[in-house]
Amino acid sequence: MRDGWDAIIVGSGAAGGWAARELAAHDLRVLVLEAGGAAPADAPAPRRGRHPVQSKCYAFDDGTRGLFVDDLDNPYTTPADAPFDWIRARTVGGRMRVWDRVCLRMSERDFSAGWPIAYTELAPYYDEVERAIGVCGRADGIAAVPDGRFVAPPPLGPLAAHLQAALAARGALAQVTPMRRA
């Protein structure tokens, strides 16, 4: 048996978990370091006011607060002329838990003429990963947010269902897309 590791991966979320899977499948010795933990439902909520950066995330609320880093215990700095809000999850499964299992594909328009690859070359890999990790969504035919190999999203909530019905009644081209935020 060899000593040491061929690869060390920080985080077991979608990217880290997939990297570990691929490397291990090629007989590399992989160590995955995970800082997160699955917070039990009855665990006390983290104290309020400790998430000045994390609370800027659209998914931050009382129900998800425990999935985010405590900014006061985990500070960082950026240059004054280049501020950056670093949204950090601390949970097994990474940010996909925060994103409700949504992981949007880059679209054809995201690739400029200078890119060495095109969306069509990546699409089969997106398909494989989406099937393996259970990305949530619905095929809506929106070019800017390409369809994928999704697991079914949960049903629309009452307000979204009402909005969808109202749009359909007016013949609007817009549609409500569950669990896909762009």
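A pocket is an open set of points on a 1 Å grid over the protein atoms alone, with protein on both sides within 12 Å along at least five of seven lines. In this predicted model, the largest pocket holds about 470 Å³ of space. The protein chain has 182 residues, of which 28% are buried. Its secondary structure amounts to four helices and two strands, and these follow the pattern β-α-β-α-α-α along the sequence. The C-alpha trace spans about 65 × 45 × 40 Å along its principal axes.

**Largest pocket**

- The lining of the largest pocket consists of 23 residues.
- Val10, Gly11, Gly13, Gly94 and Arg95 are the lining residues nearest the centre of this pocket.
- By residue class, the lining comprises 11 nonpolar, eight polar and four charged residues.
- At least two lining residues come from helix 1, and at least two from helix 2 (95-98).
- Helix 1 is the element that gives the most to the lining, namely three residues.
- Val10, one of the residues nearest the pocket centre, belongs to the uncovered face of strand 1.

**Strands 1 and 2**

- Strand 1 covers residues 7-10 and strand 2 covers residues 30-33; the two run parallel and are joined by four bridges.
- On strand 1, Ala7 and Ile9 form the covered face, while Ile8 and Val10 form the uncovered one.
- Ile8, on the uncovered face, has Leu31 of strand 2 opposite it.
- Ile9, on the covered face, has Val32 of strand 2 opposite it.

**Backbone at Asp27**

- Most residues other than glycine have a negative phi.
- Asp27 has a positive phi of about 65 degrees, although it is not a glycine.
- Asp27 sits in the loop that links helix 1 to strand 2.
- The relative accessibility of Asp27 is 63%, and the cut-off for exposed is over 50%, so Asp27 counts as exposed.

**Aromatic pairs**

- A pair of aromatic rings is described by the distance of the centres and the angle of the planes.
- The model contains four aromatic pairs, among them Phe111 with Trp115 and Tyr119 with Tyr126.
- The ring centres of Phe111 and Trp115 are 4.7 Å apart and their planes stand at 75 degrees; edge-to-face requires an angle over 60, so this pair is edge-to-face.
- Phe111 has a relative accessible area of 9% and is therefore buried, the limit being under 20%.
- Trp115 has a relative accessible area of 40% and is therefore partly exposed.
- For Tyr119 and Tyr126 the ring centres are 6.1 Å apart and the planes are at 35 degrees, which makes the pair tilted.
- A pair counts as stacked under 30 degrees and as edge-to-face over 60, with the rest tilted.
- Tyr119 and Tyr126 are both buried.

**Positions and separations along the chain**

- Val98 lies in helix 2 and is buried, its relative accessible area being 3%.
- Val98 and Val32 are 66 residues apart along the chain, with 20 Å between their C-alpha atoms; Val32 is the strand 2 residue opposite Ile9.
- Asp140 lies in the loop between helix 3 (119-133) and helix 4 (158-169).
- Asp140 has a relative accessibility of 13% and so counts as buried, whereas Asp27 counts as exposed.
- Asp140 and Arg50 are separated by 90 residues in sequence and by 38 Å in space, C-alpha to C-alpha.
- Ala174 falls in the segment after helix 4 and counts as partly exposed, with a relative accessibility of 48%.
- Between Ala174 and Gly37, 137 residues apart along the chain, the C-alpha separation is 39 Å.

Technical notes. Residues numbered from 1 in each chain as written. Predicted model: local features only at pLDDT ≥ 70, side-chain atom pairs only at ≥ 80, totals over all residues. Heavy atoms only, no water. Buried < 20%, exposed > 50% of the residue type's maximum accessible area, 1.4 Å probe, protein only. Pairing = 2+ DSSP bridges. 1 Å grid on protein atoms, 1.4 Å probe; cavity = no way out; pocket = protein on both sides within 12 Å on 5 of 7 lines; lining within 4 Å. Points joined across faces, edges and corners; volume = space filled by probe spheres on them. Nonpolar A, V, L, I, M, F, W, Y, C, P; charged D, E, K, R; others polar. Phe/Tyr/Trp six-rings, centres within 6.5 Å; stacked < 30°, edge-to-face > 60°.
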